[in-house]
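The structure is shown first.

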Amino acid sequence: MGFRCSLKIKRQEKPGAAPYWQTFSSEAGGEATVAAALREINDRTPLTDLDGGRAMPISWECACLQRKCGACAMRVNGAPRLACSAFLSEFPGGEIVLEPLGKFPVISDLTVDRSVIFERMKQARLWLEEKAYLSGRRHEVSYQSARCLMCGCCLEVCPNFGAAEDFGGALLSVNAYRTLEQSSGGGHKKEMSEAYRKLYFSGCGGSLACHQICPLELPVEELLLRSNAVAVWGR
Amino acid sequence: MSARAIVVGSGLAGLFAALEAAEQGVPAALISVRPSERAQSVMAEGGINAALGEDDSTENHYNDTMAAGRFLADPNAVCKLTAAAPGIVRRLLDLGVLFNMRGHDEPELRYFGGQKIKRTVFAQSGSGKQIMSAVIQEARKYEARGLITRYDRHAFAGLAVGDNGCTGCSIRKAYSGEMTYLHGSVIIAAGGMHGLFGGTTGSLDNSGAVTAALFRTGVPLANGEFIQYHPTTAAMPGKRLLISEAARGEGGRLFVLRDGKPYYFMEDRYPELGNLSPRDVISREMWSLGEQVYLDLTGLPDEVFRARLSDTLDDCLTHLRIDPRQNPIPVAPGVHYFMGGIFVDENHRTAFPGLYAAGECCCQYHGANRLGGNSLLGAIFGGIAAAHSALADGPQAIGGEYLPPDTEQSAEDRIATQTIVRDALGIARDRAELENGIATLEGLPGSMPLLARAIMTGALERRESRGAHLRTDYLEQNDTGFRKTTVVSYDGGTISARFENIPERR
């Protein structure tokens, strides 16, 4: 009944501290997620690792546990995932390697500082200055745009994010669509479009890495194309 | 720091409190450990109530809310809430929320629990997320203008208390522990007390720790014993998964097996509202049946799953590995919402001048049982009302004493507290269980066990059954003794409960 696996975790006490690896065993069932396994480990008293040595609680972010909040993004066996929807049964070998997202500064263990995401949204001036223009036409695509969790998985796989100084990545373009579409025009829309070209369009190298990685399976490609169409080509 | 509104919690209630201040030109500090995108508000699914139907009125909405709450809510507060609801929905549309629409301008309405007519505005089954995305965007505008300042990765630490009330609060940076001391009116919007139980449908961040710290400081609580067990939740590792009431609003049916055949017990026993009876009624019925209950969505058209229940379908496929289009979902009641909390008046003032509370952390609007679709509404309206009161009162003079923060509970003590709470505060309670719970908690240190004792004290003193509070030793509702608000206070040594009269409707 128990599904044995080990979680090998890249740990780092605080910014600037030396990282190290620590492995924990988990008896959580195969139906369990990485998030459930991490919670079970942190609930142990005393908390010991695989070798029986004392361990500090693992720092990681988690809130909803059901893929609605984006808090628990991390690298699971190398790929950016949400821990709440990475199931242990997906990893038949039983060894699961957890690392913090690599594109953001580590705060502690698997917790990273993603504040740059929200700064870029502000720089992109993504808001409305007038009442939203609701055209039924683009309802479903706009709905998908507003579902973005801001988890950062799409930025993790992007070769341009972090390289170019102020590139906002797919996340910015995905979010921009609804706002651009609902903006009825005028000065602010122009401002948003200019910011979009600077913060997204000019920095995208077209690697397409972001298209398949979204944990919600948002239609990323469609949203990027549509945002480009509005902000860059004025359609 | 200069005079301002300090908002603790950046979910829906906190965002609207900050927006209300910012729109009036008063700077707001928005305190939260995680960004708004991670708040429990994004998990809300079914929708938001507003009397927008041709056959509806705000008075009908008022009547349904009061009846579902077993006449324990403040009628004047509820009256304002339901009157404001249509305007709030229009404002959300102006902010760009993508509700399901009929025609160009009017949002579509769906059936929801405890209401005979369609009154719930919805965005598929991701209403909370869609609303939050638009409101976060609006807050961003004021952040860029310097009127809202976010203190991300900061947690509430302690109140500053002067001679005349609350003068501000201290906040602590997560991970580094660095303290910041703020002066201004304090609006608490820190969410429900889910951490008392663990394994609820809610967010792990809604621990109840802020409410616990305030209670220890002397801020009274109200109606804490009214804890909503949502009838349709399903087991998943580490928590209960909510299957939105929208699933029944769209035609889902509850059954148990009788001789191998489905028996639709709600339809048989409650023919008037059936599967859409108020949540307390259904959960109590399921508890008394004591059998495995199933939620049957197999008869719903694909189009309903696609355009109206997309998140529900996704949740079932991902987390339960059940395709609800093919198979019924095994469900059981699970802790979902806290009707009680910080005691506030109809304008969201707490017993401490200068301190306000809104959203699920406070006791307002829902009485003994919340009507589905009223939580998003209560969070928005409450946030606005709390900020409105704070701005009208103005901040207290500088000079309070900053009280020391609580120490964080160890995992061992948290698990011990949660085990005791779950045992004593199930759907059905009795005197022996509650007294035992209170006695066992006395051995545990810190504010969370103290908060748990407060809730149990209210549950013990309320010797009747009403709404979500079912006492097996007092099965009848007793209006003479208990159609009142439970107020529980702490004076630094003793927890005491009293029952206050509910205001008359003006």
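Helix axes here are lines fitted to C-alpha atoms over the stretch in contact, and angles run from 0 to 180 degrees between N-to-C directions. The model is a predicted one.

**Helix pairs**

In chain A, the axes of helix H6 (residues 187-201) and helix H7 (residues 220-231) cross at roughly 135° and come within 9 Å. Angles over 145 degrees would count as roughly antiparallel and 65 to 115 as roughly perpendicular, so H6(A) and H7(A) are oblique to each other. The crossing of H6(A) past H7(A) is left-handed. On the H6(A) side, A:Ser193, A:Tyr196, A:Arg197 and A:Phe201 take part, and they meet A:Ser227, A:Asn228 and A:Ala231 of H7(A).

In chain B, helix H12 pairs with helix H14 (residues 447-461), their axes coming within 10 Å and crossing at roughly 10°. Because angles under 35 degrees count as roughly parallel, H12(B) and H14(B) are roughly parallel to each other. H12(B) contributes B:Thr417, B:Ile420, B:Val421 and B:Ala424 to the contact, while H14(B) contributes B:Met448, B:Pro449, B:Ala452 and B:Met456.

| H6(A) with H7(A) | 3 residues | 3 residues | 1 residue |

**Domains of chain A**

Chain A is assigned two domains, domain 1 (5-112) and domain 2 (115-231). Their C-alpha centres are 29 Å apart. Across the boundary, 12 residues of domain 1 of chain A contact 13 residues of domain 2 of chain A. The element that gives the most to the domain 1 side is strand E4 (residues 79-82) of chain A, with 3 residues. By class, this side of domain 1 of chain A holds 6 nonpolar, 3 polar and 3 charged residues.

**Contact between the chains**

Chain A brings 45 residues to the contact with chain B, and chain B brings 39. On the chain B side, at least two residues each come from helix H3 (75-94), helix H4 (127-144), strand E15 (239-242), helix H10 (310-320) and helix H12 (411-424). Which of the elements of chain B gives the most to this side? It is H4(B), with 9 residues. The side of chain B that touches chain A is made up of 15 nonpolar, 10 polar and 14 charged residues.

Notes:
Residues numbered from 1 in each chain as written. Chains lettered and ligands numbered in written order. Predicted model: local features only at pLDDT ≥ 70, side-chain atom pairs only at ≥ 80, totals over all residues. Domains from an automatic or database assignment. Contact = placed C-beta atoms within 7 Å. Helix = DSSP H or I, 4+ residues; strand = E, 2+ residues; numbered from the N terminus. Nonpolar A, V, L, I, M, F, W, Y, C, P; charged D, E, K, R; others polar. Left-handed = near helix turned anticlockwise from the far one by under 90°.
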